[in-house]
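Thanks for coming. I will go through one model today, sheets and helices in turn, and then the cores.

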Amino acid sequence: MGGDAFEPSLTPKTYRFFDIDDFRSSVRGLAVDFTPLVRRISAEQTILNLKGCGVNFTKSFPRIIDAQFAPDCTVVGFTMDDGIPILFNGVERDKSVVVIGNGGAAYSAVERTERRYASIVFSPEIRERGWPPGSAHFSMFETTPTAHQRLRELVIQVLTVAPQLGETPSVSEASAAIRESLLGCIDGVLAEIVPTRWSSHANSARQFKIFQDIRAVLASSIARPIYSEELAQQVGISVRSMHDAILRYRGMSLHRYLRLRRLWLVRQRLLAGAESVKAIALAFGFWHLGDFSGSYRLQFGESPSETLAKARRGRA
């Protein structure tokens, strides 16, 4: 992003991406790692960076995503449409759900289809307002459909009206007024939280930590084969608990997830100009080169050699 990308302004900026290799998050203070589930994408992010808060509207694409916000901020997220539920922190819910993260909170999600959602990022962190306390991961809550719809409509109004103000009034004054409206609306959403059994399951800090521990081991071992018993031993849990955690937070088997992840990492290395397709495939655990090539083409719409040739042409 450019050096002025996060300067406060009343004019939203929209970023569009049609190539998974070029996609990047434009949301302030968000670190993202993702694995695509489709060949081609049509993604969009509209970002309004006000003083003290940011409003983000995202048109996403099928992917596995792990993300973490920077410390000293509070994030409220919610869908802007209805459709196939997103697997968020191991739970599939959709209508009338809001998620809240504080102080560097993380989340994991599987988006199986294109969805639209919004996030509101407050910086510094919101304190002493009666909102749910912070934890290492985002918390999920069900609110009333009416409260949820009010929040959706307010986001649309903010993104539509803010640019009409121009830069004549002080950005600080306009930001303060918009921020207060957002805070008041979120107060109302949280006041209408519906007690549910699934929310306590979704907000389990212990289960999320187990999953994060698994991710940490996989991240350090992704370039070599790693087997169930070894992985479970390093994390300190049973093989059954490990498989349950992967299935819960990834919505797929450990084997399938590792294969998708390795294919994506191979592509990144090929685009960086790897020495050869064979060498990089073997380095990431693909010993059956014919099967590897077929899986790669199915996932990305081109052969590994075509990806490498494209990268080399670009570097010439």
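I start with a pair of strands: E5, residues 63-69, and E10, residues 106-111, pair in the antiparallel sense over six bridges. Strands here are DSSP runs of at least two residues (E), helices are runs of at least four (H or I), and both are numbered from the N terminus. Two strands count as paired if DSSP finds at least two bridges between them. In this pair, Asp 66 has Ser 108 in E10 as its bridge partner.

Before going on, the conventions. This is a predicted model, where local features need pLDDT of at least 70 and side-chain atom pairs count only at pLDDT 80 or more, while totals for chains, interfaces and linings use all residues. Residues are numbered from 1 along each chain as its sequence is written, and side-chain values use heavy atoms, with hydrogens and water left out.

Back to the sheet. E5 and E10 belong to an open sheet of five strands, in the order E2-E5-E10-E7-E8, with antiparallel pairing. E2 (30-36) and E8 (91-93) are at the edges with a single partner strand each, so one side of each has no neighbour in the sheet. Neighbouring strands are turned against each other by 25° on average, direction ignored. For angles, axes are lines fitted to C-alpha atoms, for helices over the stretch in contact, and the angles run from 0 to 180 degrees between N-to-C directions.

H6 lies across E5, E7 (86-88), E8 and E10, at about 70° to E10. H7, residues 254-271, lies across E2 and E5, at about 105° to E2. Contact, here and later, means heavy atoms within 4.5 Å.

Strand E6, residues 74-79, is joined by six bridges to E11, residues 116-122, and the two run antiparallel. Within that pair, Gly 77 is opposite Ser 119.

How many of the six residues of E6 are buried? Six of the six are, so the strand is largely enclosed by the rest of the structure. Buried means under 20% relative accessible area, exposed means over 50%, and partly exposed is in between, using a 1.4 Å probe and protein chains only. Thr 74, Val 76 and Phe 78 are on one side of E6, with Val 75, Gly 77 and Thr 79 on the other. Phe 78 has a bridge partner in E9, Val 98, and stands opposite Ala 118 in E11.

In H5 (228-235), Leu 231, Ala 232 and Val 235 are buried. They cover an arc of only 95° around the axis, which puts them on the same side of H5; the arc is that of the directions from the helix axis to the C-beta atoms. The face turned away from that side carries exposed Glu 229 and Gln 233. The buried residues of H5 pack against H4 (205-221), H6 and H7.

Gly 236 follows H5, with a positive phi near 85°. In the loop between H5 and H6 is Ile 237. Not counting residues up to four places away in sequence, Ile 237 touches Ile 210, Ile 214, Ala 232 and Met 242.

In H6, the buried residues are Met 242, Ala 245, Ile 246, Arg 248, Tyr 249 and Arg 250. Seen down the axis, they fall within an arc of 165°, so they line one face of the helix.

Last, the cores. A nonpolar core is a set of buried Ala, Val, Leu, Ile, Met, Phe, Trp, Tyr and Cys residues joined through side-chain atoms within 4.5 Å. The largest has 44 residues, and Phe 69, Tyr 107, Phe 138, Met 140 and Val 266 have the most contacts inside it. H7 gives the largest share, five residues. Apart from this core lies another of 33 residues, among them Cys 53, Ile 120, Leu 154 and Leu 190.
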